[in-house]
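Good morning, and thank you for coming. I would like to walk through one protein model, from its overall make-up to a few selected contacts.

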Amino acid sequence: MTEDKYLKILRQYWGYPDFRGIQRNIIESIGSGKDTLGLMPTGGGKSIAFQVPAMCADGVCIVITPLIALMKDQVAHLKKKGIPAAAIYTGMTHSEILTVLDNCIFGGNKFLYISPERLSSEIFLTKLRHMKVCFYTVDEAHCISQWGYDFRPSYLGISEIRKLKDAPILALTATATPEVADDIQECLKFKEKNLFRMSFERPNLTYVVRRTEDKLNEMVHILKRMSGSSIIYVRSRKKTREIAKYLCENDISATFYHAGIDIKEKDSRQKDWQNDKTRVMVATNAFGMGIDKPDVRTVIHADCPDSPEAYFQEAGRAGRDGNHSYAILLYNNNDTVNLKKRVKTTFPEKDYIRKVYDDIAYFYQIAVGSGQGISLAFPIDKFCYTFKHFPTVTDSALKILTRAGYIEYNEMQEFGTRIMFTIGREDLYRINSLNADENNVVVTLLRMYGGMFTDFANIDDRLIADKTGMEIHKLYSTFKSLHLKHIIKYIPGTKTPLITYKRNRIDGFKLIFTPEIYEMRKAEYEKRINAMINYANEDKICHSIVLLRYFGETKCKPCNKCDVCVRERATYRQLDNASNAIKEIFNDGKQHEMSELRQLDFDTYIIKEALDYLLKENILKITDGRLELFDNN
């Protein structure tokens, strides 16, 4: 029998003997041209599910993902295998983007990775018309669902590009309830429903809920008892620093990670952790997606996530190599209070949202009846200070205004470093007063970027630093020095939110928030919050079963490893031992007082449970207020 084309590609490029799980089902579905949704938990092999069928098809596979780190990582992996791939991301020059897109048109790239925000750019849409697209891959597809836990408005535009260039869509996600799975297919305009679902069960992962008032020392206790690499998730940047410092003080190698850290420093810390130079990464949820480290033995949540979806995805980063690992949630009553507070923070009163909308207009001096299409950098801290708003609540108000279609709010729009020469080329060559560092930077800029004498160029800081051999802080000071000498105009790169008016400004009191935008979404959010609280407080049902039922799996068995299962097994043993001890008392065939049972060395509730069982099974009976063996004759 001849080897099938998909298996041949898998073995040739990836070296695996065969597919696993539902990979083949997904591959054959998208390979036959059908719109396909694949639900695959973390570690399920999502990349294989789209990379293999794309290699067997004509045209470029356009991969839509919000994660720049994942784009770069996967492009690097594909190139190592000899597969042409490229990505478009912030910091690239106009000419670099044109080169990538032209290569896609002329067959130079097999995979093009792009963020959903860039799909609507004029340059992409123009070039897309001339591309042969085999299919679109939508990663983190749950982001398109307004009922999902991580909705991103930019995803809603994905279905629009099919009108320009029709091709099948493969949507992939690690977390989706049945309702969200239906919504994904509807939002992506599937020609017919087509879902492949892998069980979310993780047999090698033990879920533990540890109730504690002292989370710091509990973390130290856990990490000293266990070995291997770990991630600790918290909600605030400040906590990442504090916990990492505390762990180091207790002889546990740790570092921290959050969205506000310099890119080069992020890369350095991530590499140290991935190469086991650092054991523990203390991080916000900015860390983890697209991180390929299969041997994480422990994921600890010091703060409780606000949904089972977020918890399942983050906890699922443990044990991707299939070896026994732990997902541990540290929890106390304060967590319950804080989770319930998040509902008000995430869904502020409608009048408050209207005030934020009006204050934005005052902030930018946007008149009623104007503003449509205008995009503005939004320094949220300055805005909140000016108008006495809290940043977290303001952020929520902006997201609701985005869902309602009044504005578009991109939380962290990255503006790369921009540089333009302010003097002509001939004048530049005549200058002899530059020091060695300044001259090095000027020469490197001229070699790497064109058109800088007539317009700003977007500069990749890290690339310039590598080419010049400078530390990043030294490069920035050299840019500033050249700027002060009026040789260049230097606009430092920033990560700043961006607001775009989707329609002309109106008075805030006229804003309309439909039930689908506000009340129904608020109810869904409360439902997820309550599901997370129930998970944390459940002490009778296996943690794995609780999670699997949430994601629509009804036929599931106890894991026999989580703290609930272990406690239940211990209780059953105690009940059995207590039942035997009680029967031993009655082996003399006489009646006995209830008070005699208190002398047994068991907890009161265990004795009561054992006694209830013996009475129910007609082993004992009560006669005149005293206990005796049931007369089976």
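**Overall make-up**

Of the contacts in the protein with a separation of 6 or more, 75% are between residues 24 or more positions apart, where contact means heavy atoms within 4.5 Å. This is a predicted model, in which local features need pLDDT of at least 70 and side-chain atom pairs count only at pLDDT 80 or more, while totals for chains, interfaces and linings use all residues. Residues are numbered from 1 along each chain as its sequence is written, and side-chain values use heavy atoms, with hydrogens and water left out.

The protein has 24 helices and 21 strands; helices (H or I, at least four residues) and strands (E, at least two) are DSSP runs, numbered from the N terminus. The C-alpha trace spans about 115 × 70 × 55 Å along its principal axes. Of the 633 residues, 49% are buried. Here buried means under 20% relative accessible area, exposed means over 50%, and partly exposed lies in between, with a 1.4 Å probe and protein chains only.

**Aromatic pairs**

How many aromatic pairs does the structure hold? There are 22 aromatic pairs. Rings of Phe, Tyr and Trp (its six-membered ring) pair if their centres lie within 6.5 Å; planes under 30 degrees apart count as stacked, over 60 as edge-to-face and the rest as tilted.

Consider F363 and F383: their ring centres are 5.5 Å apart and their planes stand at 85°, so this pair is edge-to-face. F363 belongs to helix α14 (residues 350–364) and F383 to helix α15 (residues 380–387), so the pair links distant parts of the chain, 20 residues apart. Is F383 buried or exposed? F383 counts as buried because its relative accessibility is 0%, whereas F363 is partly exposed at 21%.

F363 also pairs with F387; here the centres are 6.2 Å apart and the planes are at 70°, so this pair is edge-to-face as well. With F363 in α14 and F387 in α15, this pair ties together parts that are 24 residues apart in sequence. F387 is partly exposed, with a relative accessible area of 21%. Ring pairs link F363, Y364, F378, F383 and F387 into a cluster.

Two lysines also lie over rings. A charge sits over a ring if NZ of Lys or CZ of Arg is within 6 Å of the ring centre and within 35 degrees of the ring normal. The charged end of K293 is over the ring of W273, 5.5 Å from its centre, and K388 lies over the face of Y385, at 5.8 Å from the ring centre.

**Helix packing**

Let us turn to pairs of helices. Axes are lines fitted to C-alpha atoms, for helices over the stretch in contact, and angles run from 0 to 180 degrees between N-to-C directions. Angles under 35 degrees count as roughly parallel, over 145 as roughly antiparallel, 65 to 115 as roughly perpendicular and the rest as oblique.

Helix α1 (residues 5–14) packs against helix α3 (residues 46–55) at about 110°, with the axes 9 Å apart. The two helices are therefore roughly perpendicular to each other. From α1, the residues Y6, I9, L10, Y13 and W14 meet I48, Q51, V52, P53 and M55 of α3. By class, this contact has nine nonpolar, one polar and no charged residues. Ala, Val, Leu, Ile, Met, Phe, Trp, Tyr, Cys and Pro count as nonpolar, Asp, Glu, Lys and Arg as charged, and the others, Gly among them, as polar.

Helices α12 and α21 pack at an angle of about 55°, with their axes 8 Å apart, and are therefore oblique to each other. P308, E309 and Y311 of α12 make this contact with R528, A531, M532 and Y535 of α21. Its residues divide into five nonpolar, no polar and two charged.

What covers the buried residues of α22? The cover includes β8 (205–211), α12 (308–315), α21 (519–537) and α23 (563–585). The buried residues in α22 are H543, S544, I545, L547 and L548.

H543 lies in helix α22 (residues 543–550) and has a relative accessible area of 0%. Not counting residues up to four places away in sequence, H543 touches Y207, V208, V209, Y535, E538, C562, D563 and V564. Just after α22, G552 takes a positive phi of about 90°.
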